[in-house]
Amino acid sequence: MKSIKDQTYYEILEVSPTAKDKEIQRAYEHAKETFHADSLAVYSLFSEEEVKEIQSAIEEAYRILMDETLRRSYDHSHLQTAGGQPPEKPFETQEVFKEKKTSLSFTGISFNPDEELYRGKTLKQIREKIGVELQVVSTETKISIKVLERIEEEAFENLPALVYLKGFLKGYAQSLGLDPQKVIDEYLHSMEEAKKK
Amino acid sequence: MGSKRVGQTQANSQKTIWTIGGGKGGSGKSFITANIGICLSKLGVRVILIDADLGGANLHTFLGISPPALTLSDFIKKRVPLLRDVLIPTAIPNLQLLTGAQDLLNAVDAKSVQKRKLVRSIQTLESDTILVDLGAGNSLSVLDFFLMSDGGILVVTPEPTSVENTYRFLKSAFYRRLRQAVSSPFVKALIDGAMDRKNERGIQNPYDLIKAVRREDEKDADRLIEEAEAFRPNLILNQVRSKKDIEIGFSIRSACLKYFGIHLHYLGYVVYDQEVNNSIRKRKPLVLENSRSRAAQCVMEIASKLANSH
């Protein structure tokens, strides 16, 4: 139980100290959305001053944690233990982080209220919504950025053979936290429909 | 009270008591209580539903049964010898209903000893899980029952009024819990003052409160922090219509962490589904009437989480 002033940047963004850029980006977008002045979740709980204070703490945390050099320096001064290594589970946010990961698997992204199929443009929208650069997906999945672009642009004629495409779609879906089988089925379905036209 | 895994049905094992409250009337507490209860009973869990909704006790309607003739008051007034005698069987195996909201809450409103006695009586009932529909409102009796259960569940819809009311409830429950943890009249007065943002000491939030208490008594301050960190209510977002709505659940959780320093557990959401209204009009539980509907699927997912929670 710490006030915003006493929280580490990781606690402010509710991420683990080992969080990768993609997670920090996602957490930042979530925090910004949550602590927006008109946010439904905030306006009746915090005063305007408190919201402003949190907003500026979020921006500062994001600025530091997304800069490799600044983050290393921050970690060095704030997270080091006597043994010289960052603690494995130093904060209560570790728990929140875990829950968030679990919860996200059943909510949000996998939920498709409009019954919109996972097509290239849908995947792109989701990726952009969670603030993940294509380069980050590419690095994580080892799928070339060109292939990812073609998947998103639905450049069906330039996509790799089906067997490879399935593997790429699976990797891409997993990196966004989506149901891989659903993404594969729906993407291939949209591809078949396009070919018929 | 302790929690346990699904399927443990030993007569002497501890049972889990969940209370469903918070928010405003019409957020779907009774619908969720009834349908989660049915889902759990279908998983083999012995469930008792308790209708403690003072505003409108109608849990029976969600189960498709008539207003029960026997209520808790028959037991309290000794018209029947045992509490289990006022349990109403339902057509659903493993599922029973107990009504008598007024008496229950009146009793809970009574002295602490009586409250505990009532809870103990409820605990002696043969079941694995008890779900208590507290209804709307944040009277002291409702708050106490919420706090005395193994897990409190807040049902919220993604609307300003519902979220506001939920925070009001949460604040009241939070400070009441802290109040119950200390004996010092001075610290209790500080806590009472913290409920009002215009208090003369300038206590604006729980952190200010802890600081103010620490100036008086280190141990009490530590005790309050322990209590705050042990307070882990749950949240269900009902009637969601978009991804943005779903995100509100995560935002509420983040807001609670920043404001109270508490870990609110986002149990899940239930989508807005016309099938819910259809099932209520027919007086047939959704998860039985239309188990493949999207809302029913959401309820089942939440029930399975509760069943597997420790």
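Colleague: Where in chain A is confidence lowest, and where is it highest?

Modeller: Think of pLDDT as the predictor's confidence in each residue, from 0 to 100. In chain A the lowest mean, 41, belongs to helix 5 of chain A, and the highest, 95, to helix 1 (residues 9-13) of chain A. By helices I mean DSSP runs of H or I with at least four residues, by strands runs of E with at least two, numbered from the N terminus. This is a predicted model, so local features need pLDDT of at least 70 and side-chain atom pairs count only at pLDDT 80 or more, while totals for chains, interfaces and linings use all residues. Residues are numbered from 1 along each chain as its sequence is written, and chains are lettered from A and ligands numbered from 1 in the order in which they are written.

Colleague: What does chain A average overall?

Modeller: Its mean pLDDT is 80, with 81% of the residues scoring at least 70.

Colleague: Over which residues does pLDDT stay under 50?

Modeller: Where pLDDT is low, the predicted coordinates should not be read in detail. Here that applies to residues 82-114 of chain A, a stretch for which the model has 49 contacts beyond four places in sequence. A contact means two C-beta atoms, placed from the backbone, within 7 Å.

Colleague: How many residues of chain A are in contact with chain B?

Modeller: 27 residues of chain A meet 32 residues of chain B. Helix 2 (21-34) and helix 5 (93-106) of chain A each supply at least two residues to chain A's side, and helix 5 of chain A gives the most, 5 residues.

Colleague: Now the sheet: how many strands form it in chain B, and in which order?

Modeller: Strands pair if DSSP finds at least two bridges between them. In chain B, 8 strands make an open sheet with mixed pairing, ordered 3-4-2-5-1-6-7-8. Its edges are strand 3 (88-89) and strand 8 (265-271) of chain B, each pairing on one side only. Strand 1 (residues 16-21) and strand 6 (residues 151-156) of chain B run parallel, joined by 4 bridges; Gly21(B) has Leu154(B) as its bridge partner in strand 6 of chain B.

Colleague: Which strands does helix 6 of chain B touch?

Modeller: For directions, axes are lines fitted to C-alpha atoms (for helices, over the stretch in contact), with angles from 0 to 180 degrees between N-to-C directions. Helix 6 (residues 140-148) of chain B packs on strand 1, strand 5 (129-133) and strand 6 of chain B, at about 140 degrees to strand 1 of chain B. Helix 7 (residues 160-181) of chain B lies across strand 1 and strand 6 of chain B, at about 160 degrees to strand 6 of chain B.
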